[in-house]
Amino acid sequence: MNTLESSSKIKQLIASRREGWTLPGAFYQEDDIYRTEMNSIWRRQWLFAGHTDQVGQPGDFFVVTVDTDSILIIHGLDGTIRAMHNICRHRGTLICQAESGHAKKLVCPYHQWSYSTDGTLEHWRGMQEDLDKSELGLVKLPLRTIEGMIYICLSASPPDFDPAYNSMLPMALPQGLAQAKVAKQVDYIVEANWKLVWENNRECYHCNAHHPQYMRANYDHYNEDDTTDLIRRKIDFAIERDEKRWKDAGLAINHKRTGMVCFPDPDNDIWYASNRTPLAEGYVSETMDGKQVSTLMGDYPNADVGTIRMRTMPNMWMHGSCDHAVLTRLLPVGFNKTRVSVLWLVDQNAVEGEDYQLDQIMPFWQLTSEQDWEICRLAQQGVSSGGYRPGPYSTYKEYNVDAFVRWYLKSLSIDL
Ligand code: FES
Ligand SMILES: [Fe+2]
């Protein structure tokens, strides 16, 4: 199918979507739609790459693979963290094959052209004198950080990052994300299209059947239809109590009385969000028993800071408690697979075995994540079937899934 035919097919599919209903199955199983997404969304928008602690020392690097593009995130010997295409300027060979490591210079394995850690071409053996080395540095990409969270954009003219930065900074700053270290990273290949992973993330309709740990710790899974008077009184009490404490401590607040914060917002092109919300009675951290499991992060004066959430389309969400934070990064690896990396962060001075134990900070989000991956896998199997027909979203519980789908279709349409 040529590009024009593919474009017109996608437009027809978009037009055929019944408002407030799930997407047609083609969006989860056709390679030309996946290719269009890669160019319209993933090569155009800001992507969460990782945390600055992963490149803590000059020379440290890690590689982010976005579809067929390999991107090097490297802490230069000059002290600057950069994003560059991991591709030699000679005949285009992949330079770093390791997923992460440490290098004083970057040497292409093919003919050994070598580059400094800032991407400048330094040595080339056997090349004629009349060529200009300065034209042949590694291709750099836009990079921004929010308190240690690294964002890159594969487009040379990225969307404005400042609104996201300004909106998320008041949540990220007191959490001390810039002074955090990665205590653990776990990578998964989830057998589902990246949109199914987001659709699942954008509702808690499935929570009571799948997430016993999350249900016990949080209030935001309640929606208008299931918030009884008793629960409403509990939530109101928690909000009133916590808001006062948080205001006194100068912490940013933004929550809904019931339900999840509305995100994304395609009508206003909002691809970022952050909020603080109370934890359930008896919980000061998103852990198995609700207890604090590491030293306090950032500027937190005490453990009663509720929980913060931050998210950016198309590939990051995070949950922060007083003592640890969990960042989730999505990278599609085909129309039916998504690589998901989950990073557990603690204060950079916390010592494993003394201040925290991995088996105390990890289980809550490890279990919750893995519970999600399994239902995403089942969802992919279903939407790939000839028997699949679109179904309706609950306006009580799936308003954010609908918002996600509308954001997706709007973003996808940009080049059609
Ligand atoms: S392709 Fe890299 S040195 Fe030749
Ligand atoms: Fe879930």
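Visitor: How many residues of domain 1 are in contact with how many residues of domain 2?

Guide: This is a predicted model, in which local features need pLDDT of at least 70 and side-chain atom pairs count only at pLDDT 80 or more, while totals for chains, interfaces and linings use all residues. Residues are numbered from 1 along each chain as its sequence is written, and chains are lettered from A and ligands numbered from 1 in the order in which they are written.

The protein chain is assigned domain 1 (46-146) and domain 2 (163-415), with bounds that come from an automatic or database domain assignment. Between the centres of the two domains, taken over C-alpha atoms, there are 33 Å. Contact joins 12 residues of domain 1 to 16 residues of domain 2, where contact requires C-beta atoms, placed from the backbone, within 7 Å. On the side of domain 1 that touches domain 2, at least two residues come from each of β1 (46-51), β2 (60-66) and β10 (143-146). The most come from β1, which gives five residues. Strands here are DSSP runs (E, at least two residues) and helices likewise (H or I, at least four), numbered from the N terminus. Sorted by class, this side of domain 1 has five nonpolar, four polar and three charged residues. Nonpolar covers Ala, Val, Leu, Ile, Met, Phe, Trp, Tyr, Cys and Pro, charged covers Asp, Glu, Lys and Arg, and polar covers the others, Gly among them.

β2 belongs to an open sheet of five strands, ordered β5-β2-β3-β4-β9 with antiparallel pairing. Its edge strands, β5 (100-102) and β9 (140-141), each pair on one side only. Pairing requires at least two bridges found by DSSP between the strands. β2 and β3 (residues 69-75) run antiparallel and are joined by six bridges, with V63 facing L72 of β3 as its bridge partner. β10, in turn, is antiparallel to β11 (residues 149-153) and linked to β11 by four bridges; L143 stands opposite I152. The hairpin of β10 and β11 has two residues between the strands, and E147 there has a positive phi near 45°.

Some other backbone values deserve a check. Most residues other than glycine have a negative phi, and most peptide bonds are trans. Q112, in the loop between β6 (105-107) and β7 (114-116), has a positive phi near 65°. D269 also has a positive phi, near 55°, and is found in the loop between α8 and β13. Q112 counts as partly exposed because it has 13 C-beta neighbours inside 10 Å; D269 counts as partly exposed with 13 such neighbours. Buried means 20 or more other C-beta atoms within 10 Å of the residue's own, exposed means 12 or fewer, and partly exposed lies in between, with C-beta atoms placed from the backbone. The peptide bond from F263 to P264 is cis, with omega near -5°, and P264 lies in the loop between α8 (229-248) and β13 (272-277). The bond joining M313 and P314 is also cis, with omega about 5°; P314 sits in the loop between β14 (307-312) and β15 (316-320).

How values were computed:
Two residues are in contact if their C-beta atoms, placed from the backbone, lie within 7 Å.
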